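Subject: Structure for your review

Dear colleague,

Please find the structure below, together with its sequence. My notes on what was found follow directly after it.

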Amino acid sequence: MISQVFILSSKGDHLIYKDFRGESGSDAVGVFYEKVTALTGDQPPVVMSHKDLHFVHVRQGGLYWVATTTADSSPFTIIEFLNRLAALVKDYCGSLSEKSVQMNFALIYELLDEVVDYGYIQTTSSDVLKNFIQTEAVSSRPFSLFDLSNVGLVQKQLSRRLGFFSFQGGKSEIFVDVIERMSVVIGSNGMLMKADVEGEIRVKCYLPNCSEMRIGLNEEFSIGKSQLRGYGAAVRVDEVSFHQMVRLDEFDSHRILRLCPSQGEQTVMQYQLSDDLPSAPPFRLFPTIERDSGGRLLMYLKLRCDLPPKRFSTFHNLSSPDQSAELKPQSRAVVWKIPRFTGGTQLSALFKLEVPGLSSASLLEVGPVGLSFELPKLTATGVQIRFLRLSPVQPGPSQRWVRYVTHSDSYTIRI
Amino acid sequence: MQEWANQLCENRQFGSKMTDSKYFTTTKKGEIFELKAELNSDKKEKKKEAVKKVIASMTVGKDVSALFPDVVNCMQTDNLELKKLVYLYLMNYAKSQPDMAIMAVNTFVKDCEDPNPLIRALAVRTMGCIRVDKITEYLCEPLRKCLKDEDPYVRKTAAVCVAKLHDINAQLVEDQGFLDTLKDLISDSNPMVVANAVAALSEIAESHPNSNLLDLNPQTINKLLTALNECTEWGQIFILDCLANYTPRDDRESQSICERVTPRLSHANSAVVLSAVKVLMKFMEMLPKDLDYYGTLLKKLAPPLVTLLSAEPELQYVALRNINLIVQRRPEILKHEMKVFFVKYNDPIYVKLEKLDIMIRLASQANIAQVLAELKEYATEVDVDFVRKAVRAIGRCAIKVEQSAERCVSTLLDLIQTKVNYVVQEAIVVIKDIFRKYPNKYESVIATLCENLDSLDEPEARAAMIWIVGEYAERIDNADELLESFLEGFHDESTQVQLQLLTAIVKLFLKKPTETQELVQQVLSLATQDSDNPDLRDRGYIYWRLLSTDPVAAKEVVLAEKPLISEETDLIEPTLLEELICHIGTLASVYHKPPSAFVEGSRGVQHKRLPGSAGSGESVESPDTGSAAGVSDAPPAVIPSQGDLLGDLLNLDLAPPATTTGPPPPTSSGMQMGAMDLLGGGLDSLLGGDLGGSPAMGAGFGAPPAGMPASFNAPVSGGLDDLFDLGGGVGMPSGAYSPPKSIWLPAMKAKGLEISGTFARRAGVVQMEMTLTNKAMSVMTDFAIQFNRNSFGLAPAGPLQVLTPVSPNQSIEVALPLNTVGPVMKMEPLNNLQVAVKNNIDVFYFSCQYPISMLFVEDGKMERQVFLATWKDIPNDNESQFQIKDCHLSSDAASSKLQGSNIFTIAKRTVDGQDMLYQSTKLTNGIWVLAELRVQAGNPNYTVSLKCRAPEVAQCVFQSYEAVLKN
C-alpha cells in the first residue's frame, strides 16, 4: 500500500505531494531528499527506510518520483507503478520535465486521485483513465494547448478528444519499434562465452479512433528450445511475455498479435534469447598487449565488423576519418570513438601508454574491452514485423512506421 | 515532436497567461487577503483560478489553512473541476480544522445522491479521506448506498472507503455491518470491484489476525481465480497476494490452483510475476516431489525469473534479492541458469554484488570451472570494492565446493602474482579461511604468502597473515623473526592485529618453547602493561596465568582443535528463510528481515533495545593493574561509596542541610566528578551503540570518559574483576519473586528510623513495600522519598503516603507504587537503587537492590518466528550460560512458575530426555531477554542460556531465574 506519492525536482523542490493514508507527515519529503543526496554510488538506492517509513523511488525525466509506504508492501509494485505514472504524465503533458509537471499540477493531482485510492493502485491504463477524465472533462486540460475554460460546453466536448493527442500536431501516426539489446562476452581466446538478447516491441499510437490493430511477426518465430516452425532458418527466442491487452488467439497459428492500442506508448511484447544467436556476433576484437623497450604499455587493437556489407551501404567513409580517442585517468580507461563502421571492414588502433612502475604482472591487470554501439535497421534475433493492419481502415492520411534497432547492453571482449 | 509541443506550450503561456505554472511565482505580502477576495468573487472563473493558486501554495508547503472557510464556500458548485480542486484542499486541511470540516458534510451527502456516478464516487472517496471522527457518522448512510450502487465505479470506490473508515473507527464499521457487505462484494460481477474488496478485506483482516474475515474456501478461491483473469494488472496483484494466504486442503487442490496461476508468469508487469511466483513457491510445498507436475512447474519458474533481470537496474536489484532467497530454498530452479548472473560491465555496483552472491550460491561441481574463470576476470576490474568481493567469492567457492578447493587456491595464487595491493590482501584473508576449512592441505602456499608480508597494510590482512604464521609456526622456519618484525610497531597496530599477534606468539611459544621465551615475555608485557585496551589486557593476563601455572593446560586451550568452518555460515537460517519465502516480492524480501522487524506493531524488537557489544568495559578506566593478583583482591561489584552517593543525591532537590548529614562528607570534589563521569561515560557508550536515534538520553550525562582523572580508584568493577570473579556473583538479596523484607536502613544510622522493605510487582505495577519503624524517642512526621537516577529509570509514582505521625516504637507499613519513567543512569550492580528518605529530623540515604524480575512486563511473550529470528540475530558473544543447582521441579512446573513472574515459555522441545524450554521476557525499558532452559529428568541442575542485546542484564536475570525457581 502506498502511503504518499511525491515528485521532486532534481534540486529537491516539491512539485507534487499527495498523502493517501495520513500515516506520516509531509516532512518525509525533506527526509527523502536528504537521504537520496547522501547516497554513495555503491549503495543500492532502491529502497531506503527512515524509522517506520520506507521510500521507493525512480528517476525519470530528471525528476524524483517517490512513493512511501509503512507496510510490508511490494517494491516491485511500487517501482512498476512509479514508472507507469511517469509514462502517464508524459503521455498527458507531452514531455517529462520540471516545467511540464509544474504547468500541469492540477491535472496530475487529478490523475493521482484516479490512479490510486487509499494507497491501492486502481488503474494506470490511459484508456480507462481517459474515460473518467472525459466525463470530468472540464479539468482535463492535458497541457493547456487549448484553453477550454472560456469556451462553451459544446465546444469543450468537441475539443476534448483533440487535446489528448494533438501534441502530435494533429497527424495520425503509429510507430511500431522493435528494440533489442545485446549482452555479449567474448573470452580472451576469441570464444563466444555468452550472448544474450533482450528485445521488445513497442507501440506508440497517436491515432484518433483505432479500435484494433494486428501485428504479424515472422511465421517461423518460435519459442523455447524444442519448438521449431517454418521451413527456413527459425527465428527463435527463449521466453516471451505480453502486455495484458494483447490477445493471442491468432498467435499460435499465425504469429499475429491482436490489440487495441491505447493512446500513447506501451510495450506490447518482450522476449529474451540467450546463448544461441542466429548469426555471429557483430564485432570481434584482436588485441595485442605488450611492453616495449621503453617501459611503455603497447595496445594494438584490431576491430572487425562482421555484419553483411550491404547493411551499412549508406556509409561510404571507409577510413572513418572522424575517429577519436581519449585517455580517462579517473576510470583508468582509454575511450576510442568510432562514429561509423561499415559491415565487413576492419579498423585498427595502436595505443602507447606511459604507466609508472610497469611490470610484467601489470599486463595481467589490463581489463576487458567494452563496446557500446547502435545498429539501426537490424535485429539480432531476426524478429521482423511482417505486416501491420489497422481496423477500421483509417480515413485520411495516416502514417505507420516500423523501426528496428539493436543496442549494445554490455558487449565485453576480454583480453 | 515533444520539443515542439513544449515550445508551443511556452508560446501559449505568454499569450493567454492561463497555464498553471504561473501559480508558482513568488508571492508577496497580503497574498492571503488577495486570495480571500478572489475566492469570494462572483465569477466562477476567478474562483477557480484562486483555488488553484491556493493548491499551488499548499504543494510547496505554505500554510494556507486560514482560507478554509472561503474555500469550503466554493464547494457548492456544479463545476466539476472546481469541485475536485476544493476536495483536494479539504483532504489536506480538514484534519486541522475539524469543526469547519463539518460545514462540508451536507454537500458531501447531497453529492452522494447525484445522478452522475462520477460525482457519487468522488464524494464517497473524498469523505473517506477526511480523517475527522465527527464526519464518520454522517458517512455511514451514503456509504451503505454506494456499496450497493448500480455503477461498478462507485462500488469499487465504496469498497476502498470501508477500509478507510475502518482505519478511523473500526468499531463503527463492525457495528454497521459493512464487513458483511464487503464480503458480498467478493462475488461481484465486476472484477475491479472484486479486487478492491479483496484488498480492503486483506488489510482489515491484518488488524484482526484471528477473525475469519477473509473466509477463504474453495468456492471463494474459485471466484478469485475467475476474477484474476479479467481484472487489471494491479487488481491481479491484490488477488494473488490474497491467494498466497490460503492453504489448500490437499495436493490436488494445490495443483489446480497452481495450474490457474501459472499463466501470470508471462505477464509483462514484474509485480504480477513476483506475486505469482510467491503463490507457486508456497503451494509447491504441498505437491509430492515425484509428481510429474512438480517437475513441470519447476521448469516453468525459471524463465520468468530470468526475464526479471532484463529490467532496469532498480527492478533488477529487487529481483536479485528475491532470487537470492529462491535459490536458497530451491536451488534446482535456477541451477542451469548460472550464466544470466554473470555481471555486465555496465551494471551498477549494487547489482554486481548481488549477482556475485547468487553465483556462489549456485556454484556446484558441475559449473565451478566456469564460475572461477568468471571470478578471475572480475578480479581485474577497476572497481576496488567489486574486486575485493570477487576475490572473497573465490574463497567462498573453495569452501563450498570441496572438489574445487585446489583450483581456487591456484587461482588465488595467480592473483597474488599480480601484486596489486588490495587483491593480495584480500586473497590472504580468504586463504586463511581456506586453511580453516581444509587444515594441513595447502601449506605449500605459505612461502608465497610470506613474500608479500611487507605489502600488507590493512588490519584484516595483517591479522590473517599473523594467524597463518602462528597456526603453522612449526613449519615456518623463521616464524619468530616474522612475528618479531610485527611486534616492533605493536602500539600502532589496530586491536584486531594486536590480539592476533598476542595469540600467534603464544602459539609459537607453545610449539617452540626454547627459542621464543624472550619474545613471548615481550608481547605479554606489551599487552598487559603498556596497553589500555581491556580486551587485549585481559587476554594477556589469561595467557600469562595459564603459562605460568599450567603449561599443559595452556597448550590444550591455545592449540585446541578448531571447529571447521562451512559455507552454511552465510546462509539464511531455515525458519527465517521459510518466512521470507512467504513474503516474496515485498520489502521483507529486499531487506532479508522478517516484516515484524521493520513494520509497525512490533517496534519493540527493532527500536527499543539497549546496545549490545559496547559494554562498560571499554570506556571505563580500570584501576591500576600492576599485577593480576592485586586486581583479583578487589571487592566484587561494590556499591558506590557513600561519598559518591551523597554527591549524586545533592543534585536532587532535597536540599538537605549539608552540615548535619550523617554519612561522611565527600572526600574531594574531584573524586565526585570522577564518579559522575565514569558512570555517565559508561552510559553514553551504552546508549550510543544501538539506540542511535535518541541521543537525548545520553546527552545529559557528564563529560566523555577521556576527561577523567587517571588515578581515580573506580568503585565500579573493571573488566578484570568480572574476569576473575565470574562465580562470585553480586550481593543481591536472593529472595523469591517477591523477596522477604530485609533491613535497608538500620536505626542506628538514621537517628532512630529503621526501614526494612522489599519490592513486588502487583497487577503490572511495581511496588516498593516498606516498614518504617520509629526507634527514637520523638514522633516522626513529614516523610518524603526520592530516588537517585538508576539503571531502569525507577521513580516513585506518587508521594510517600505516611498520613499519620509515627510515634516512638510504632511501625507502619507503606506501599509506594513506582513507575519507570525517571531519569536513567547505569548503576553497578545494575539493579542497585539509591534512595533518600526525609523526615522531620533529617535526610537519610541508603541503597538497596531490587530483583529484576519485578521489571518483567506482562506482554513479554514473543512470537515464535520473531524469537527465532531474534535469537539468531543476537551475536553469540552476548550469550551467557548459568547453572541453577538443586532445583527439583519438572520442566512444566518450572515453566508455569516462571510464567507467574512474566517469563514466558514460547516453545518446548525434548531431545534425548532433556527438555529445552525457549523463553522470552521483556523489561520495562523494552529490552528483550531470550532464554533457553535445559532440564534433564532426574538431574537437579538446570542450565539456562540467556541471550540479550544488552548482555549486562544477564547476570541479574539469571538471579531472578534462580530466585523464582527456588521459591
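I begin with helix H28 of chain B, which covers residues 495-511 and has 17 residues. From first C-alpha to last, H28(B) reaches 24 Å, close to the 24 Å expected at 1.5 Å a residue, where the expected span is 1.5 Å times one less than the number of residues. Helices (H or I, at least four residues) and strands (E, at least two) are DSSP runs, numbered from the N terminus. H28(B) is mostly covered, since 13 of its 17 residues are buried; buried means under 20% relative accessible area, exposed over 50%, and partly exposed in between (1.4 Å probe, protein chains only).

Please note that this is a predicted model, in which local features need pLDDT of at least 70 and side-chain atom pairs count only at pLDDT 80 or more, while totals for chains, interfaces and linings use all residues. Residues are numbered from 1 along each chain as its sequence is written, chains are lettered from A and ligands numbered from 1 in the order in which they are written, and side-chain values use heavy atoms, with hydrogens and water left out.

Confidence in chain A

The average pLDDT (the predictor's confidence in each residue, from 0 to 100) of chain A is 78, and 82% of the residues score at least 70. Residues 134-169 of chain A have a pLDDT below 50, and this stretch has 70 contacts in the model beyond near neighbours in sequence; contact means heavy atoms within 4.5 Å. For residues 310-320 of chain A, pLDDT also stays under 50, and the model has 18 contacts there beyond four places in sequence.

The interface

Chain B contributes 100 residues to the contact and chain A 98 residues. About 8900 Å² is buried between the two chains, with carbon and sulfur atoms giving 56%; buried area is the accessible area (1.4 Å probe) that two parts lose on being put together, summed over both. On the side of chain B, the residues that lose the most area to chain A are B:Trp234, B:Tyr345 and B:Leu587, together 8% of what that side buries.

The rule finds 10 salt bridges across the interface, a salt bridge being a side-chain nitrogen of Lys or Arg within 4 Å of a carboxyl oxygen of Asp or Glu. A:Glu110 and B:Lys84 form a salt bridge at 2.8 Å, N to O.

A:Ser410 lies in strand E24 (residues 398-413) of chain A. A:Ser410 counts as buried because its relative accessibility is 2%. Its contacts, leaving out residues up to four places away in sequence, include A:Met182 as well as B:Lys344 and B:Tyr345. The side chain of A:Ser410 reaches the backbone nitrogen of B:Tyr345 at 3.4 Å.

Two loop residues of chain B

B:Asp457 sits in the loop between helix H25 (446-451) and helix H26 (459-471). With 52% relative accessibility, B:Asp457 counts as exposed. Not counting residues up to four places away in sequence, B:Asp457 touches B:Asn421, B:Gln425 and B:Arg462.

B:Ser531 is in the loop between helix H29 (517-529) and helix H30 (534-549). In contrast to B:Asp457, which is exposed, B:Ser531 is buried, with a relative accessible area of 11%. A polar atom of the side chain of B:Ser531 lies 3.0 Å from the backbone nitrogen of B:Asn533.

Yours sincerely

Terms used:
Polar contact = N/O pair within 3.5 Å; in protein donor to acceptor, adjacent residues only side chain to side chain.
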